Amino acid sequence: MSEVVIDLKGVDYSLGGVSILEGVDLSIMAGDYLAMLGPNGGGKSTLLKLMLGLIRPDRGTIRILGLPPGEAGGRIGYLPQHTHVGLSFPISVLDAVCMGMVRPGFGGIAGLSCSREDREKARRALKRVNLEAHADRALAGLSGGQKQRVFIARALVDNPELLLLDEPTASVDSANRNALLALLTELNADMTIVMVSHDISSLARGVKSVACVNRHVHFHAAPVITGDMYRMTYGTEGGDSCPVELVTHGHVPHRVLGTHDPNCDCEHGCGHSHGGEGE
Amino acid sequence: MDILGYEFMQNALAAGVLASVICGIIGSLVVVNRIVFISGGIAHASYGGVGLAFMLGLPVLPVTTAFTVFAALVMALVTLRARERADTVIGAIWAAGMALGIILLDLTPGYNVDLMSYLFGSILAVTRSDLWLMAGLAVLVFCLVLLFFRGFLSMSFDEEFARSRGVPVDFLHCLLIVLVGLCVVMIIRVVGLILVIALLTIPPFIAERRTSSLKSMMIISTVLSVVFTIAGLWISYSLDITSGAAIIAVATLSFFLSLLVPERKA
């Protein structure tokens, strides 16, 4: 398991004269579980789209699974940030998951619908995201969080070698969020995972490495949050923002994500202690 | 029902059914891909083809078909290249095609009584040779959609995801817009180019709210189109009003009635 799955060298990307990504070097080995953190507009989704070949870099080279981006389509599972699906598109949940098994090229677009075997695979994928009971319902009738889980099932239905997820836990409730993160850890045994998140607290169990994306990319081979990462992600020097935007009483499951730089924003009180009276 | 004994009525019914099948299929794709505006642009630009045919003194349907497919391809390429301003360019081609048609007709000697029939349809004037051409187009459109159905479904459902899977989305996008062009030419005979949009969008809209698969949406739209066309024809005959307008009147009335009936999805 030592082959390089994602390899970016000197990648620049700009949009309308505004630089989005600069001098990105990133090399991800097979079996990794990478969390990409960064602020809105930092270029996280752009980085995923570059890897997928949906957009082209201004400079630099990109190799995905040893191929130029866009040519390994059938071996990658993708969860877009905003699925551009019309609210009333007439499709059943099962058929929507089947879309994840369309083969690349002209061979894949021929034909009427997916095979019995594909449908069985789709049902198994729906079971993994806890939606098997809804397989035959219309997708339009599902809630936002349920739809998100359908799209996750679509991303993993074809047993990809590489899973690229853009904000997988967005609009998913906390019970399903934990189940989902546990599922990703389980899937990581078979596939490389890259997960985009704008929320440091989503740095889940099982994440093996972290990349901070804010025009530049900093790779960290261990799942720790450093003060530098924290500053880069939240873009503040004076410490006027806190990564955990949660105020609550009682029994809160809580993890401490490593110590910040000693010279960083300590007067703000972001050192997280466990919730008071419940402990 | 001795009216059915007349050849022009038989032709009109055949043309209506052919156009309905194609409208049901292509109209569904137009609605789910949200390319109604492009379709309107193609329909109006096709008037340039009508003008060209009159000026050159050639058969109208083949010339219009060629011209419309050309205009459709230009629009398809524009929407691929300059996404964010595509609507503006389509608006320009929309108007340019119409203007070209009128100018060419002005330059053509003689008075063209047929002009209105291309704007508002002349289903009762469909000839046997028109029917054969329409049937050929219908078979072509039907086969292409059937052949690439899975591709059209995945592009319509989630274009970005389809691209990430390596689906040739650009090809499918251009193909769909050319098919819309062919479809528009067929329907011009039935309801005219100004009313094409109603027949392309109303039946799929009513169908979409009541089904959970693209296939059944196409079938329901086709059935609705056939009903609207035949009912419109009958009303046009009994009240002696323009057939195209009567067909659209039936369709729009059904559209508003359908809004009152609660939608049901499987």
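Hi everyone, let's start where the two chains meet: the contact takes 33 residues from chain A and 29 residues from chain B. Two residues are in contact here if their C-beta atoms, placed from the backbone, lie within 7 Å. On the side of chain A that touches chain B, strand S5 (76–79), H2 and helix H3 (105–109) each supply at least two residues. H3(A) gives the most to that side, with 4 residues. Helices (H or I, at least four residues) and strands (E, at least two) are DSSP runs, numbered from the N terminus.

A word on the source. This is a predicted model, in which local features need pLDDT of at least 70 and side-chain atom pairs count only at pLDDT 80 or more, while totals for chains, interfaces and linings use all residues. Residues are numbered from 1 along each chain as its sequence is written, and chains are lettered from A and ligands numbered from 1 in the order in which they are written.

Now, chain A. Its secondary structure comes to 7 helices and 9 strands. Of its 279 residues, 41% count as buried, where buried asks for 20 or more other C-beta atoms within 10 Å of the residue's own, exposed for 12 or fewer, and partly exposed covers what is in between, with C-beta atoms placed from the backbone. Among contacts in chain A with a separation of 6 or more, 68% join residues 24 or more positions apart.

How far does the predictor trust this chain? The mean pLDDT of chain A is 79, and 75% of its residues reach 70 or more; pLDDT is the predictor's confidence in each residue, from 0 to 100. Confidence in chain A is lowest in helix H7 (residues 227–234), at a mean of 60, and highest in helix H2 (residues 93–98), at 94. Over residues 237–248 of chain A the pLDDT is below 50, and this stretch has 17 contacts beyond near neighbours in sequence. Residues 259–279 of chain A also stay under 50, and the model has 28 contacts beyond four places in sequence for them. Where pLDDT is low, the predicted coordinates should not be read in detail.

On to the core. The largest nonpolar core has 165 residues, and A:Val97, B:Ile22 and B:Val196 are among those with the most contacts inside it. Such a core is a set of buried Ala, Val, Leu, Ile, Met, Phe, Trp, Tyr and Cys residues joined through C-beta atoms within 7 Å. Helix H10 (residues 169–191) of chain B gives the most to this core, with 16 residues. Leaving aside neighbours within four places in sequence, B:Val196 touches B:Ala43, B:Val184, B:Ile187, B:Ile188 and B:Val191.

H10(B) also packs on helix H4 (residues 60–81) of chain B, at an angle of about 150° with their axes 8 Å apart. That makes the pair roughly antiparallel, a label for angles over 145 degrees, with under 35 as roughly parallel, 65 to 115 as roughly perpendicular and the rest as oblique. Residues making this contact include B:Leu61 and B:Thr64 of H4(B) and B:Asp170 and B:His173 of H10(B).

So is B:Asp170 buried, exposed or partly exposed? B:Asp170 is partly exposed, with 13 other C-beta atoms within 10 Å. B:Asp170 and B:Leu77 are 93 residues apart in sequence and 9.0 Å apart in space, C-alpha to C-alpha.

Notes. Axes are lines fitted to C-alpha atoms, for helices over the stretch in contact, and angles run from 0 to 180 degrees between N-to-C directions.
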